[in-house]
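Please read these notes with the model open beside them.

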Amino acid sequence: MKEIEIKNLTKKFEIKDHTVTALNGVSLSIEKGEIYGIIGMSGAGKSTLVRSINFLERPTDGQILIEGVDLAELSKKELRKKRSEIGMIFQSFNLIEQKNVLDNICFPLEIAGKKKKEARKRAKELLGLVNMTEKEKSYPSQLSGGQKQRVAIARALATNPKILLCDEATSALDPQTTESILNLLKDINEKLGITIVIITHQMSVVTDICQKVAIIENGQLVEEGLVEKIFENPKTDAAKELISGKKITYSPLEEFDVEKKIRIVFSENSAYEPVISNLILKFNSPINILKADTRNVGGTAKGEMILGLPDDEDIQKAIINYLKERGLSVSEVTENV
Amino acid sequence: MFDEKVIAMLLEGIRDTLYMTLVSTIVGYVIGLPMGIVLNVTREEGLNPNKIVYRIIDFICNIIRSVPFLILLILLIPFTRLVAGKSYGSTATIVPLVICAAPYIARVVESSLNEVDAGVIEAAKSMGASNIQIIFKVLLVEAKTSLITGATITTGILLGYSAMSGTVGGGGLGDIAVRYGYYRWQTDIMIVTVILLIVIFQIIQNLGTFIAARLDHRKK
């Protein structure tokens, strides 16, 4: 079932006398219970996109449907009710500094008109869920970044939302803390069946926990699909850049670069066979390993290598076939690595 | 040093000064706080931007604040008479003090509220909070310390202004200082009133700072 449907979303900002198009005709749909990543470089429009999902940003054009309900058709009051069913966490946590942890978590319940006693009971349950029970009397200024985000997650879950939006939720955290927060999100997704939308500029976040990903560039959706597929075979420059973490620049000099480069991706099972050694032995020609890396994509280890092949075209073809036969995904690399 | 009459007069002066300062601060906040909230809410980045409302209040604040208090005191005499029934004495002085204080308070409140992190407000919006809920449960709560600091400064200023109103028969310590110190050359009484004003000011300032620090949970 489709939980979120974004149809032809366009958002323009009027700044002084010119118009900036932050999003241009983005359409995508997110299934119930999915962890969906939206990735793009800064300024790509991904933050505007996630803020459109709960109408913090009203689209200039297009529709947002939450469980089939068009948000534009709701009254102010109905929209507020809808928002309470969509939790959101932020890069800067946005906790109320003058309230302690417990009161921060009670806050959305208080807004929804719940009784104080009930709210406290629920808040304590959530503190347990995010592993912060011993900090209930602390104030946000006494917590670390990771702890603040845990509290923010508990707060976002207080009203039992069906959707959790994460706007760069791990961008202000160090790698270890990022991992623990991602694990927590994954855990929540499994336990509560909540749909999670993650906005990030870090590919590792997407490969760690997302099942599907959308790549946004210059306000447009350029690639979308299963994380595994996109990681194995990125089609657009934006996707390749996000995977390699480097900007692709096409310089005319490369045309003289005769060395042919390919990118291969192998998963756990194919990693048992010493493919590269066998390859070199079989073809008796040098293979240049330009880059090698392993990553965790959706729970399975994926290896990635960029190889420089010998000049002979026949050997090149044979090598590519050999690799494909062994179940590796092979794609040509035209850019510098 | 002083006879009983003078001491009784000074005590009365302290009472009148505190009465003028505190009542004008409270009434000033009754008018100025909502004005400040409206300024914050209707500004361009506010919860409910409204250029016209903002500009009107902004204009009123600027006009009143640009008139020096002593002149305002004299200008307002007919109005004061209308409201308080007479134009002298400490109760009457409260009228111009409030008119002077309200726009000042509105500005202080506005700037305190403007400092509240936009992200926190956005988070509240994302939870489905209404604007009224955001004002009372987020803005005023987050700006609490800054608001108290602002109120302390305002009270200090009104203490000074209440003394100034002594020149036109406003009552309180300022009145005593002017009558004895200026018209009768009784420097000793003037010095005592000045010392009393300093002591009152210190008490207000320290109390305000203490309360603000006690209630602040941002850094600990």
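1. Two residues count as in contact if their C-beta atoms, placed from the backbone, lie within 7 Å. Leaving aside neighbours within four places in sequence, Val197(A) is in contact with Ile30(A), Tyr36(A), Ile38(A), Val50(A), Ile53(A), Ile163(A), Leu165(A) and Cys166(A).

2. The model is predicted, so local features need pLDDT of at least 70 and side-chain atom pairs count only at pLDDT 80 or more, while totals for chains, interfaces and linings use all residues. Residues are numbered from 1 along each chain as its sequence is written, and chains are lettered from A and ligands numbered from 1 in the order in which they are written.

3. Chain A is split into domain 1 (2-233) and domain 2 (249-333); such bounds come from an automatic or database domain assignment. The C-alpha centres of these two domains of chain A are 38 Å apart. Eight residues of domain 1 of chain A are in contact with eight residues of domain 2 of chain A.

4. Which helices supply at least two residues each to the side of domain 1 of chain A that touches domain 2 of chain A? They are helix H7 (203-209) and helix H8 (227-232) of chain A. Helices (H or I, at least four residues) and strands (E, at least two) are DSSP runs, numbered from the N terminus. H8(A) gives the largest share of that side, four residues. By class, this side of domain 1 of chain A has two nonpolar, three polar and three charged residues. Here Ala, Val, Leu, Ile, Met, Phe, Trp, Tyr, Cys and Pro count as nonpolar, Asp, Glu, Lys and Arg as charged, and the others, Gly among them, as polar.

5. Between the chains, 19 residues of chain A are in contact with 19 residues of chain B. Helix H2 (76-83), strand S6 (86-90) and helix H3 (101-111) of chain A each supply at least two residues of the side of chain A that touches chain B. The largest share, three residues, comes from H2(A). That side of chain A has seven nonpolar, seven polar and five charged residues.

6. Chain A has an open sheet of six strands in the order S6-S7-S8-S3-S9-S10, with mixed pairing; two strands pair if DSSP finds at least two bridges between them. S6 and strand S10 (220-226) of chain A are the edge strands, each pairing on one side only. Strand S3 (residues 35-39) and strand S8 (residues 195-200) of chain A pair in the parallel sense over five bridges. Ile35(A) has Ile196(A) as its bridge partner in S8(A).

7. Chain B has ten helices and zero strands. Along its principal axes, the C-alpha trace of chain B spans about 65 × 45 × 25 Å.

8. A nonpolar core is a set of buried Ala, Val, Leu, Ile, Met, Phe, Trp, Tyr and Cys residues joined through C-beta atoms within 7 Å. The largest one has 140 residues, and those touching the most other members include Ile38(A), Leu165(A) and Val197(A). Helix H5 (residues 90-114) of chain B gives the largest share of this core, 15 residues. The core lies between domain 1 (2-233) and domain 2 (249-333) of chain A because both give residues to it.

How values were computed. A residue is buried if 20 or more other C-beta atoms lie within 10 Å of its own, exposed if 12 or fewer, and partly exposed in between; C-beta atoms are placed from the backbone.
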